[in-house]
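Dear colleague,

I am handing over the structure we spoke about, and below it you will find my notes on what turned up in it. Please read them alongside the coordinates.

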Amino acid sequence: MAPNSVTISTDKANDFTLLQVHDLDSPIFQEKQKKSASTKQFTWVILLKLHKLLTCLTWLTTGLKSVFSLVKKRVSLSDIGDENPKNTTRLYRFIKFFLALSILALVVEIIAHFNQWNLLVFQPWEVKSLLQWFYLGWLSFRENYVGPLVLLVSKFCIVLFLIQSLDRLVLCVGCFWIKYKKLKPTFDDDVYDVEDPLSFPMVLVQIPMCNEREVYSQSIGAACELDWPKDRILVQVLDDSDDPSLQSLIKDEVSSWKEKGVNIVYRHRLIRTGYKAGNLKSAMSCDYVKDYEFVAIFDADFQPNPDYLKLTIPHFKGKPDLGLVQARWSYVNKDENLLTRLQNINLCFHFEVEQQVNGHFLNFFGFNGTAGVWRIEALEDSGGWLERTTVEDMDIAVRAHLNGWKFIYLNDVKVLCELPESYEAYKKQQHRWHSGPMQLFRLCLPAVISSKISIWKKANLIFLFFLLRKLILPFYSFTLFCIILPLTMFIPEAELPLWVICYVPIVMSFINILPSPKSVPFLVPYLLFENTMSVTKFNAMVSGLFQLGSAYEWVVTKKTGRSSESDLFALAERESKSSNEDKLHRRHSESGLELLGKIQKSEVIVKKKRNKLYRKELALAFLLLTASARSLLSEHGVHFYFLLFQGLSFLVMGLDLIGEQVS
């Protein structure tokens with residue numbers, strides 16, 4: 001048979017014959033090929049593709065039109081939203097200076113590109129134009145002075161970046177080991193005698209709050225439903241609200257639970273100093289506190305399950321050196337918008353990896369300020385609550401660690417809470433969380449050095465806990481990706497390699513996302529979001545380290561009072577059983593009607609709010625977009641896309657287009 005022959009055979013029962021063709025170029029095959037390539041089919045394919053293209057263009061046009069209208073409205077109602085404009089002008093002016101230089105350099109580079117100047121091969125006497133002289137001088141100055149300096153700074157930041165990435169990898173290996181070996185804190189099931197209430201220790205439950213109109217009812221109700229002997233628990237509602245009508249509502253809520261037999265008290269300070277630390281310190285000074293052995297602390301938006309105390313308190317049994325048992329946070333609104341989804345990624349890594357690894361291998365981690373149980377003796381031995389920083393929780397944790405107290409983290413015990421849904425609230429929260437640790441580092445460094453703990457624990461506190469994770473991380477993130485990277489587009493001598501701006505960040509972002517696998521589709525937005533937040537974290541770190549004006553600013557994070565579906569179903573089930581069982585339940589419909597009436601009577605004046613513009617984010621957006629335009633001239637593919645999308649993410653943040661939208 002010929003090499004190009006084709007055999008077509010069929011069953012003989014169907015009266016078909018065997019056909020053998022020895023030449024593929026025969027007229028039979030050419031005719032069939034012509035028929036298969038039908039003109040109508042080709043036309044239909046083209047029309048279908050054209051229809052898809054038009055549909056896509058229509059969708060893009062509609063989307064861009066709505067975005068531009070929103071941006072136009074946002075700019076027309078502009079409201080500068082920096083934390084404290086008087087104290088943030090240094091960083092803003094620094095960014096504006098670089099933006100002006102980048103725009104000027106871009107104009108010169110465009111002119112040089114279209115005129116096809118290659119002045120490096122010219123002799124000085126051959127250059128005739130004044131602009132050419134200027135460009136030649138800039139190239140010489142850039143090559144001899146600017147390039148080496150930027151290259152040195154970029155190498156320093158890359159080393160910090162690699163060290164921090166290595167720290168993340170080590171934490172992940174430790175977390176994997178804990179999962180693989182199934183290591184977790186345990187206690188005996190028969191620690192306390194259920195039939196003997198006196199075998200249960202005395203527990204104090206504290207709920208510090210300040211103007212928490214949206215969440216006070218559900219937080220008080222959750223604390224009052226904790227499953228613990230009634231005469232062995234006391235709930236303290238520590239209200240720092242400055243609104244008399246809200247104070248009245250909270251008092252009524254406390255009174256209603258007291259009528260149901262709950263041991264609960266309401267406290268309001270006349271002199272409201274020290275923020276949350278001052279509130280807790282005042283509460284611990286009460287005479288009756290000496291009768292209690294443990295204190296559980298819940299912020300106003302936290303809703304512990306009824307078995308919370310029975311899952312945490314038993315860990316203290318037989319461990320006299322155990323000072324703190326910390327539970328994990330869980331979020332009722334993690335899927336509310338893109339902002340909450342991205343926050344959930346960060347916090348899942350913090351609790352699943354950082355807290356769990358440090359708690360298991362070091363018996364130390366930063367107290368989260370809520371959803372934890374302290375041994376009161378440990379608090380008193382460590383000096384109690386101090387008002388010297390805005391991170392009083394981290395402060396007491398460090399002092400307790402220096403005094404030899406151990407901590408336990410329970411990853412399986414979760415407490416419901418809320419995530420900030422607006423960029424403004426999240427930005428202020430992050431400013432406090434990154435400014436306070438630097439204040440604390442300055443204050444406690446001498447105590448750490450002179451303490452009696454081991455050299456390893458001192459090194460962990462100074463180099464890992466404070467310097468690497470609180471100072472170096474925001475420093476290199478802002479400097480490397482927001483300043484040096486766009487700068488290198490105009491200084492090719494200091495160009496960053498691809499693995500620095502692409503491969504390693506993507507790998508590290510993927511590692512961060514692993515504790516929340518459902519968030520893997522948000523890998524790229526998360527990477528851009530983290531780089532965008534670096535300007536806020538860097539500014540907060542600097543203000544805390546050098547005690548600038550905004551370092552001691554405390555703004556209560558705005559709450560919405562959301563409840564999860566499981567919480568609502570559980571509430572309905574408990575309400576349905578209330579007629580047959582002698583148990584305590586949260587007030588639902590009746591209290592809601594009473595609350596509505598009281599709010600209407602109080603005639604609360606609500607200040608209208610709107611989304612804001614953020615100057616530093618907008619300035620960085622234009623800086624990065626200018627650098628991306630310059631990268632087109634030198635045909636930097638990955639650099640261009642990174643700078644473009646990073647600049648757009650800064651633009652979205654600067655226009656406050658992420659998170660809750662306020663009309």
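To begin with a residue on the surface: is Leu47 buried, partly exposed or exposed? The model is a predicted one, and in it Leu47 has a relative accessible area of 43%, which lies between the cut-offs of 20% for buried and 50% for exposed, so Leu47 counts as partly exposed. Leu47 is found in helix α2, which covers residues 39-76, and it belongs to a nonpolar surface patch that also takes in Trp44, Leu50, Leu53, Leu54 and Leu57, with about 610 Å² of accessible area together.

Strand β4 (residues 233-239) is another matter, since 7 of its 7 residues are buried. In a regular strand, side chains alternate between the two faces of the sheet. Here Ile233, Val235, Val237 and Asp239 point one way from β4, while Leu234, Gln236 and Leu238 point the other way, and all of them are buried.

The neighbours of β4 are as follows. Strand β3 (residues 203-209) runs parallel to β4 and is joined to it by 7 bridges, with Leu204 standing opposite Leu234 of β4. Between β3 and β4 the chain passes through helix α5 (residues 216-224), in a β-α-β crossover that is right-handed. Strand β5 (residues 264-268) is also parallel to β4, through 5 bridges, and Val265 in β5 is the bridge partner of Gln236. Together with helix α6 (residues 244-259), β4 and β5 make a right-handed β-α-β unit.

With best regards

Conventions: Residues are numbered from 1 along each chain as its sequence is written. This is a predicted model: local features need pLDDT of at least 70, side-chain atom pairs count only at pLDDT 80 or more; totals for chains, interfaces and linings use all residues. Side-chain values use heavy atoms; hydrogens and water are left out. Patches are made of residues with over 30% relative accessible area and no salt bridge: like charges are joined within 9 Å, nonpolar side chains (Val, Leu, Ile, Met, Phe, Trp, Tyr) within 5 Å. Accessible areas come from the Shrake-Rupley method with a 1.4 Å probe; for residues, only the protein chains shown count as cover. A salt bridge is a side-chain nitrogen of Lys or Arg within 4 Å of a carboxyl oxygen of Asp or Glu. Helices (H or I, at least four residues) and strands (E, at least two) are DSSP runs, numbered from the N terminus. Buried means under 20% relative accessible area, exposed over 50%, partly exposed in between (1.4 Å probe, protein chains only). Two strands pair if DSSP finds at least two bridges between them. A crossover is right-handed if, with the strands pointing away from the viewer, the path from the first strand over the helix to the second runs clockwise.
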